[in-house]
Structures are given as C-alpha cells and as structure tokens.
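This report describes selected features of one protein model. The sequence and structure come first, and the notes follow.

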Amino acid sequence: MKETLRAIKVGSYRSIFTIIGISLSLLSLFILSNLLLVSHGIYRDVREDIRFEIFPEGDPESVVKELSLLGGIKDVEIVSGERARKEFLKYYPDFKGFLEDLGDDIFYTVIRVYPKDYWKEPVFLDIIYEKMKAIKGVSGVYYGKSWLSSANTFFKTLLSLTVGVILITILIILSISFYTVRFVVSHRKNYVDILRLSGVSPFKLRYPYILLSILYATISWIIATLTSIYILQNLNLLTKYKTENLILFLISLAVVVITCAFGSIRALRDIEMGIS
C-alpha cells in the first residue's frame with residue numbers, strides 16, 4: 001500500500017492525466033448511451049402511432065368487413081365525424097372559434113386501421129396501402145407516407161451513428177485505461193528492477209501496482225458517474241432510464257477496473273522481460 005501511494009505521489013501529474021482521461025471517456029459513454037436510449041424511445045413511439053385513415057364512400061361497416069380479410073392488421077375502429085371533431089379540439093383548443101365559423105360538416109367518418117408491429121416497415125405499409133385503396137367503397141387512404149419514410153430514415157441513421165460513436169468511445173476508454181496505467185507503472189521501472197533483483201516475490205512486486213490501477217479506475221468511475229448523474233438528473237433521464245443506467249454504470253466499472261489492471265500487469269511483465 002505504501003508503494004502504491006508513493007507511486008501516485010511521484011507521478012502526480014501522470015496520475016491526474018490518467019484519471020481525467022478515463023473520467024472524460026466514461027462520461028462521454030454515459031451521455032451517448034442515454035442519447036441512444038432517447039432516440040430509440042422516440043423511434044419506438046413513432047412506430048407505435050402508425051395508423052391508416054380510410055375515408056369510406058358509403059357504409060363503413062362493409063369496408064371493415066373487407067379489411068378483416070387482409071393480413072397484417074392488428075385493430076380497426078370507426079371514428080365518427082363528431083368524435084373526430086372532439087379529438088381535434090382536445091389537441092388544438094385554440095381553433096374552436098375557427099371550426100365554428102366553418103360549420104359542423106368538415107369532419108367525416110373515418111376508419112382507423114392499426115397494422116401489426118412487423119408490418120410497420122415502409123415496404124409492408126405500401127403493400128397494405130395498395131390493398132386498402134382497392135377495396136370497394138373506399139374513397140381515399142392516408143397514412144403520412146412521405147413523413148413516415150423521412151422519419152424512419154432519420155431515426156435509423158441517428159441510431160446507427162450513435163451506436164458507432166459509442167463503439168468508438170468504448171475503444172477509446174479501453175485504450176486510455178490500458179496505456180495510461182501502463183505508462184504510469186513503466187515510470188517506476190528502476191524501482192521495480194531494484195525490488196526484483198532484491199528477491200521480492202512476484203506477488204509482492206505486482207500487488208501495489210495492480211492496486212494502483214484499480215484506484216485509478218475506481219476514482220475515474222466515481223467522478224464520471226457522479227457527473228453524469230447530475231447531468232442526467234437535470235435532463236429528467238436518470239429516473240426514466242434508471243435500470244439501464246444502473247446496468248451501464250456497473251458494467252463500465254468492471255470493464256475499466258479489469259482493463260486498468262491488465263495495463264498494469266502488462267507494464268510489469270515488460271519490465272521483467274527488459275522491454276521497457
């Protein structure tokens with residue numbers, strides 16, 4: 001333990017550099033991971049709200065019977081003009097006066113069709129759309145094709161980029177954890193050589209520096225975790241993704257501790273073999 005503290009004191013600026021580097025990398029990982037969770041949540045909500053609006057020419061019940069014969073449909077409901085009006089005013093109350101000037105006949109009965117989850121890809125939606133248009137008694141079908149296509153492309157691109165950046169960040173964390181600790185331990189080469197030639201056992205020789213690497217990893221993790229908790233709490237993300245963040249924090253601690261320990265062991269092996 002004394003040698004561990006001595007190594008920290010002698011290489012103080014190296015210790016600070018190591019802790020800052022690992023902390024910033026971990027903090028980036030935590031923030032990016034939550035950005036991924038938020039992006040995936042928005043994408044999931046968009047997919048959940050996908051539906052078709054069918055405008056029947058005559059009796060909507062006959063159209064519903066035809067829809068029941070199609071595949072890929074989870075639920076169907078008939079929405080009267082009055083209900084459509086109430087729903088519109090619920091979300092846009094400021095337009096009440098405007099609607100009164102237009103009259104009561106601007107909302108029509110529509111049939112809402114909710115596709116099954118695995119039919120919510122653009123290609124499958126187009127298939128259902130064409131089949132619905134061909135049904136007798138249907139004057140029009142709407143599902144926001146261009147908007148959904150753009151949103152689908154945007155969110156998939158965003159998710160892919162975020163995952164890519166997270167993977168790069170993980171590689172940076174592993175590299176910084178491994179090589180900075182290795183650099184700090186290598187700085188004690190002369191002292192380690194003296195101990196080794198004096199007949200100190202390998203365990204007693206490696207123990208202080210493995211403990212040093214664990215201290216670096218733990219301190220860095222604490223700094224990054226507390227900072228990210230503060231940031232995520234202000235963004236109302238900590239409670240929302242409580243379980244995911246807890247798992248992320250614990251896994252990152254284990255990975256950083258193991259990586260730093262390996263960096264320390266590798267540096268000591270290099271010293272023993274006369275490489276560094």
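## Helix α4

The face of α4 turned away from its buried side carries Lys86 and Lys90, which are exposed. Exposed means over 50% relative accessible area, buried under 20%, and partly exposed in between, with a 1.4 Å probe and protein chains only. Helices (H or I, at least four residues) and strands (E, at least two) are DSSP runs, numbered from the N terminus. This is a predicted model, in which local features need pLDDT of at least 70 and side-chain atom pairs count only at pLDDT 80 or more, while totals for chains, interfaces and linings use all residues. Residues are numbered from 1 along each chain as its sequence is written, and side-chain values use heavy atoms, leaving out hydrogens and water.

Helix α4 spans residues 81-91, and Gly81, Ala84 and Arg85 are buried in it. They lie on the same side of α4 because they cover an arc of only 100° around the axis, the arc being that of the directions from the helix axis to the C-beta atoms. An α-helix has 3.6 residues a turn, so residues three or four places apart point the same way. The cover over the buried residues of α4 includes β2 (73-79) and α5 (96-102).

## A nonpolar surface patch

Tyr91, Tyr92, Phe95, Phe98, Leu102 and Ile106 make up a nonpolar patch on the surface, and together they have about 640 Å² of accessible area. Such areas come from the Shrake-Rupley method with a 1.4 Å probe, and for residues only the protein chains shown count as cover. Patches consist of residues with over 30% relative accessible area and no salt bridge; like charges are joined within 9 Å, and nonpolar side chains (Val, Leu, Ile, Met, Phe, Trp, Tyr) within 5 Å.

Phenylalanine 95 sits in the loop between α4 and α5. Its relative accessibility is 39%, so phenylalanine 95 counts as partly exposed.

Serine 15 belongs to helix α2 (residues 12-48) and is buried at 4% relative accessibility.

Threonine 225 is part of helix α9 (residues 202-234) and is buried, with a relative accessible area of 6%. A polar atom of the threonine 225 side chain lies 2.7 Å from the backbone oxygen of tryptophan 221. Apart from neighbours within four places in sequence, threonine 225 is in contact with Phe30 and Phe249, contact meaning heavy atoms within 4.5 Å.

Asparagine 236 is located in the loop between α9 and α10 (242-272). Its phi is near 60°, a positive value in a residue other than glycine. Asparagine 236 is exposed, with a relative accessible area of 62%.

## Salt bridges

The structure holds 6 salt bridges, each a side-chain nitrogen of Lys or Arg within 4 Å of a carboxyl oxygen of Asp or Glu. One of them joins glutamate 53 to arginine 51, with the closest N and O atoms 2.8 Å apart. Glutamate 53 is buried at 13%, whereas arginine 51 is partly exposed at 31%.

Lysine 120 pairs with aspartate 117 in a salt bridge whose closest N and O atoms are 3.3 Å apart. Lysine 120 is buried, at 3% relative accessible area, and aspartate 117 is partly exposed, at 44%. Salt bridges with shared partners also join Arg47, Glu121 and Lys156 into one network.

Methods
Polar contact = N/O pair within 3.5 Å; in protein donor to acceptor, adjacent residues only side chain to side chain.
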